[in-house]
Amino acid sequence: MRYPTAISQLLDFDITEIGSGTASVTVKVDADRHGNQQGTVHGGFLVELADAAIGTAHSTLMRPAESFTSIDLRAVFLRPVWSDTLTARAVPTHSGKTITHYHCDIVRQSDGKTVATATSTVMTLVGDRASGR
């Protein structure tokens, strides 16, 4: 597993929990720094946080000569965030030979409420397909 990644360093993401196929990534957010036109934390930032948690979770399953790529990512936004600490926790919902489906909740530390959820499908690449990735 390569960590920290360049994007995680840029966005100040921290791995706060990691297990086999699971991961939690935490970040302090503020609308002044991470905001959109409405003055709340940008949805794209939340999607990147979920993607980082899902990618970190899947990277724990990689063996030598394996890599992975996301096939899809879908986010649902439930409530706004202005300033808080957010934690994205990714867990697999189904694991096959090469395809794994993940669910990720992003939760506000201040009140424990979920601000967004994401689902993603990840494909494990083996051998030549994984080379250079």
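Let's start inside: Leu-46, Val-47, Ala-50, Ala-75, Phe-77, Ile-106, Ala-116, Thr-117 and Ala-118 line the largest cavity. By cavity I mean a set of points, on a 1 Å grid over the protein atoms alone, where a 1.4 Å probe fits but cannot get out, and a lining residue has an atom within 4 Å of a point. Quick housekeeping: this is a predicted model, where local features need pLDDT of at least 70, side-chain atom pairs count only at pLDDT 80 or more, and totals for chains, interfaces and linings use all residues. Residues are numbered from 1 along each chain as its sequence is written, and side-chain values use heavy atoms, with hydrogens and water left out.

Back to that cavity. It has about 40 Å³ of space, where a volume is the space filled by probe spheres set on the grid points, joined across faces, edges and corners. The structure holds one cavity of 30 Å³ or more. Which elements supply at least two residues each to its lining? Helix 3, strand 3 and strand 6 do. Helices here are DSSP runs of H or I with at least four residues, strands are runs of E with at least two, and both are numbered from the N terminus. By class, the lining of the largest cavity has eight nonpolar residues, one polar and no charged. For those classes, Ala, Val, Leu, Ile, Met, Phe, Trp, Tyr, Cys and Pro count as nonpolar, Asp, Glu, Lys and Arg as charged, and the others, Gly among them, as polar.

Now helix 3 itself. Helix 3 covers residues 43-59, 17 residues in total, and spans 24 Å from its first C-alpha to its last. That is close to the 24 Å expected at 1.5 Å a residue, the expected span being 1.5 Å times one less than the number of residues. Is helix 3 mostly covered or mostly uncovered? Mostly covered, with 13 of its 17 residues buried. Buried means under 20% relative accessible area, exposed means over 50%, and partly exposed is in between, with a 1.4 Å probe and protein chains only.

Helix 3 turns up again in the largest pocket, where it gives the most to the lining, with seven residues. A pocket is an open set of grid points with protein on both sides within 12 Å along at least five of seven lines. The largest pocket has about 580 Å³ of space. Of the 22 residues lining it, Arg-2, Thr-5, Gly-55, Ser-59 and Phe-68 lie nearest its centre. Helix 1 (6-11), helix 3 and strand 3 each supply at least two lining residues. This lining divides into nine nonpolar, eight polar and five charged residues.

Six strands make an open sheet in the order 1-2-4-5-6-3, paired antiparallel; two strands pair if DSSP finds at least two bridges between them. Strand 1 (14-19) and strand 3 (66-77) are at the edges with a single partner strand each, so one side of each has no neighbour in the sheet. From one strand to the next the twist averages 20°, using axes that are lines fitted to C-alpha atoms (for helices, over the stretch in contact) and angles from 0 to 180 degrees between N-to-C directions.

Let's take the pairs in turn. Strand 1 pairs with strand 2 (residues 22-30) over five bridges, and Ile-18 stands opposite Ala-23. These two strands form a hairpin with two residues between them, and Gly-21 in the turn has a positive phi of about 80°.

Strand 4 (residues 83-95) and strand 5 pair over nine bridges, with Thr-87 partnering Val-107. They make a hairpin too, with three residues between them. Strand 5 (residues 99-108) has two faces: Thr-100, Tyr-102, Cys-104, Ile-106 and Arg-108 are on the covered one, while Ile-99, His-101, His-103, Asp-105 and Val-107 are on the uncovered one. Val-107 also stands opposite Thr-114 in strand 6. The hairpin of strands 5 and 6 has five residues between them, and Gly-112 in its turn has a positive phi of about 75°. Strand 6 (residues 114-126) then pairs with strand 3 over eleven bridges, with Leu-125 as the bridge partner of Ser-67.

Last stop, the loops. Most residues other than glycine have a negative phi. Asp-12, between helix 1 and strand 1, has a positive one near 65°, and Asp-12 is partly exposed at 39%. Ala-65, between helix 3 and strand 3, has a positive phi of about 65° and counts as exposed at 55% relative accessibility.
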